[in-house]
Amino acid sequence: MKPVEMVAPATGALELEIMGMSKRFGDVVALDDVSLHIPAGGFHALLGENGAGKSTLVKCLVGFYTADQGTVLVDNREVQIANPKDASQLGIGMVYQHFTLVPSMTVAENLVVARGALPAFINWHEERARLSDFMATLPFKIPLDKPAGSLAAGEKQKVEIIKQLYLQRRLLILDEPTSVLTPDEADEALGLVGDLARQKLLTVLIITHKFREVTAYADAVTVLRRGRFAGSGALPELTIEHMAEMMVGSPVAQDVAPRTQHTPVADVPPRLLIDQLCAQGDHGLPVLRGVNLSVRPGEILGIAGVSGNGQKALVEVLTGQRGKTGGTVLVNGLPYSGRRKEQTLNKVYSLPEEPLRNACVASLSVAHNMSLRNYDKPPLARWGWISQRAMRKQANGYVETFRVKTPGIDARIQTLSGGNVQRAVLARELSHPVELLIVANPVFGLDFNAVAETHARLLAARNAGAAVLLVSEDLDELLELADRIAVMSDGRIVFETPAEKADVRELGHYMAGGHEETEVMQ
Amino acid sequence: MELTRRFLPLVEAVGIPVMALLVAMLLFAGFVAAVGQSPLEVFVLLYKGAFGSSFSWQNTLLRAAPLILTGLAVAIPAQAGMVIIGGEGALALGALTSAVAASALQGASPHWVQAGMLLSGALCGGVWIGLSGWLRQYRGVNETIGSLLLSYIAIALLNFFVEGPLKDPASLNKPSTAPIGDANMIGNLPGMDVHYGLLFGAIFALVTWVILKFTTVGFALKTVGGNPRAAQMAGLRVNYWIVGAAFAGGSAAGLAGAIEVAAVQGAANASVVAGYGYAGILVAFIARQNPFAVIPVAVLIGGINAAGGMLQRRLDMPDATVLVLQGIIFVVIIASETLNGRLRLIKFKPLSPVSAAISAKT
Ligand SMILES: Nc1ncnc2c1ncn2[C@@H]1O[C@H](COP(=O)(O)OP(=O)(O)OP(=O)(O)O)[C@@H](O)[C@H]1O
Ligand SMILES: [Mg+2]
């Protein structure tokens, strides 16, 4: 490994000051007179509930939005950042909440193209050499030749961060970068970034919902509430309770009971039975190589695994987004392929990851998106005619019960904050009786209140007799919620254990591909 | 302020195309001036030729009838996220099959013959464009290119059959299929010199608009067009919807071909390939793929077409002058698409305290 200095630019970390920034979207005041100061080499965390205005603040900062008011100072000089290109020239880079890689290009191509100002002919030999040198300085490995689109969320996010480092940024803005990373992956990524900050090579502004990361890496925090400055402080003096209190604006009730004791699962035939399921990835390579699993009513089966081992494809097959190439999927004993009729008959619902991409039509209204499950059933529709009134009534009900922050049900869903898109989908999928629920990384981007609420809803669905398949890259989440945990590796289920007997070290062993060693030894 | 915000989408939907039309007119005026004519005179003649008298209105509406349908051939597939430009071919094929149907049904009552012609024309056009939807979903062929290539084939087929196996020996200087017979021709709307095709087109557009706006079919189609992955998650069979939307669009163009034969030409011949399919692309884009808006826009473009003759007679400008205007409109409309969602009331940006202090110092 080469020393980190070689990666970093000569210019080093920059000092950032934001003064009195405001931004409205129509009637919505997303930001109201927010100020923020980060010294060079600072590791600053920006906290707040879903929809508090965190993403808006940083998007204004990098010129993605134009602020209505406000001043930005870099190294004590006022700068005008009119668009992301200006920001990039100042050495400011951002990792967005959503992914920005070009799916059809390989990781290497994505990195090289991101450098911009490319010559007419790219000397790939030279570029590869430069990339390999750079990768050698990193504490983790990334497949350079895979198309970015085929990477799982965790891998994609790592590439996004690496891309920014490769571009030699002076200020790195991370908008919920670790939502899809395992704690270990998050530590790798943030550890690297933190090292650079400590050596005053990089200033970091991070948006996160995970207090663990704040206490481990940040040296100061700023909290937003409903678009306004709600407090700030230095670490380690500031406690988690204090931060949470600033976020919600009132003392936070201690977690009542994180997990009520599970009732044992009744010994009934499985509701979901998957046998020897095979499927191919986007590029014709097998990603599922004979998956066997079953989920009974009233049970949560957790699927653990390092991202990129076929969990994504498994969820896609079950939600009808990917065809299978072999094996059977039975729901209530009947073949299931994700058609609408089958979904209705078996009451199958799903919460896929990246909801804006997988479960919403971004350019259509909140009301439309909330009706996706039952637009063709009474009371929303009769004889093929849709009742706008019923549709709006349902959407308003969802917005209220699930506290979705939206300018209105007619707003395009892509204008909602990341967490609120997730809530809108949750509302749609969990407002009807559920028999089978397919869930992937359900708390991606949710604030701590919403995480607790979502987990409670999943448990409630389970207790009401739903069979839940929960794919998550967060082991803690699985240990908290699941009745049984199965580990997926290289397109197969390689290990399975009841949750109460689960041992984190053992799970980790299998997640890291440990079964292969065992096979070899036998 | 509140009102402008509420109606911003509508203002945008109408305002942007209207602005684009005005800009295109301005550019066209520049062109006219450059070739040594008075723009004012040209615009006056354009207006007169399109809407100036009852005669020019009839001329305009006659052209609007097929344009409504070929506009729909673009607008319907667009709901499902497709850009289809092969309407001309579907129209040609619709014309050909309707002529074949007419000769097969000779002897039946005129209503049956007409129904048979229109249905077979629509069906064939639908299959043709449906094929480009199929190619896209199952073979990965871009539907825009696919529909264009299929369109060339369709036009070639029409020419082949009209000049070859299906040629009526009596049609000497203009090869045609056998005439469908005067009794079988579709007549005019009561009190007008415009055939029933205009009404059929308008009904097709209105029904499409109602379906898209008020029914589950429209909901599903919008979902499929907006995000196929989300549609799959909702259990919709995306492939079927895509092919279906392509079929529906193609059937509109095929119907246009059948109407041209049954109401205007009286036989299938090369005259039906008169650019209606391509002008339909323009109609759909100006109408922003809204089936309802397709009707007035088709009348507008029909009017511009109709005025071509007037320009030729009065100013001795070539017929193609109006095509230049159409081309300019098309480019400007496409360019203005990017303005979508950026139409904002220009706002005064207050000076920040710091920049105020700095500018005071200097
Ligand atoms: N382009 C937009 N148009 C209209 N409203 C918007 C737009 N972008 C954001 N908003 C609104 O601004 C508010 C703040 O959103 P923002 O994305 O900044 O929240 P956030 O703090 O990042 O939340 P999260 O933790 O859920 O990501 C929300 O109410 C959102 O609906
Ligand atoms: Mg956000």
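Where in chain A is the place of Arg226(A)? Select this residue to begin. Arg226(A) sits in the loop between strand 9 (220–225) and strand 10 of chain A. Its phi is near 45°, a positive value in a residue other than glycine. Keep in mind throughout that the model is predicted.

**Two cis peptide bonds**

Follow chain A through strand 10 (228–234) and stop in the loop between that strand and helix 8 (240–248), where Pro236(A) is found. Select Leu235(A) together with Pro236(A): the peptide bond joining them is cis, with omega about 10°.

Next, select Pro378(A) and Pro379(A). They too are joined by a cis peptide bond, and here omega is about 5°. For orientation, Pro379(A) belongs to the loop between helix 12 and strand 17 of chain A.

Over all chains, the structure holds 23 salt bridges.

**Ligand 1**

Now select ligand 1 and display the residues around it. There are 19 of them, and those that come nearest are Gly51(A), Ser55(A), Thr56(A), Ser417(A) and Gly419(A). By type, the shell divides into five nonpolar, eleven polar and three charged residues.

Colour helix 1 (54–61) and helix 14 (418–430) of chain A, each of which supplies at least two residues of the shell. Which helix of chain A gives the most to the shell around ligand 1? It is helix 1, with three residues.

- Thr56(A): a polar side-chain atom lies 2.5 Å from an oxygen atom of ligand 1.
- Gly51(A): a backbone N or O atom lies 2.7 Å from an oxygen atom of ligand 1.
- Thr415(A): a polar backbone atom is 3.2 Å from a nitrogen atom of ligand 1.

Taken alone, ligand 1 exposes 630 Å², and the protein buries 89% of that area.

**Where chain A meets chain B**

Show both chains and select the residues in contact between them. On this selection, 41 residues of chain A are in contact with 28 residues of chain B. The size of an interface is often given as the accessible area lost when the parts come together. Between chain A and chain B the buried area is about 2800 Å², with carbon and sulfur atoms giving 57% of it.

How many salt bridges does the rule find across the interface of chain A and chain B? The rule finds one. To see this salt bridge, select Glu316(A) and Arg229(B), whose closest N and O atoms are 2.7 Å apart. Across the interface there are also twelve residue pairs in polar contact.

Last, colour the elements on the side of chain A that touches chain B. Strand 4 (69–74), helix 10 (340–346), helix 11 (355–358), strand 18 (385–386), helix 13 (388–401) and helix 14 each supply at least two of its residues. This side of chain A is made up of 14 nonpolar, 16 polar and eleven charged residues.

Conventions: Residues numbered from 1 in each chain as written. Chains lettered and ligands numbered in written order. Predicted model: local features only at pLDDT ≥ 70, side-chain atom pairs only at ≥ 80, totals over all residues. Heavy atoms only, no water. Near = heavy atom within 4 Å. Polar contact = N/O pair within 3.5 Å; in protein donor to acceptor, adjacent residues only side chain to side chain. Areas by Shrake-Rupley, 256 points an atom, 1.4 Å probe, with all protein chains shown as cover. Helix = DSSP H or I, 4+ residues; strand = E, 2+ residues; numbered from the N terminus. Nonpolar A, V, L, I, M, F, W, Y, C, P; charged D, E, K, R; others polar. Contact = heavy atoms within 4.5 Å. Buried area = accessible area lost by both parts, 1.4 Å probe. Salt bridge = Lys/Arg side-chain N within 4 Å of Asp/Glu carboxyl O.
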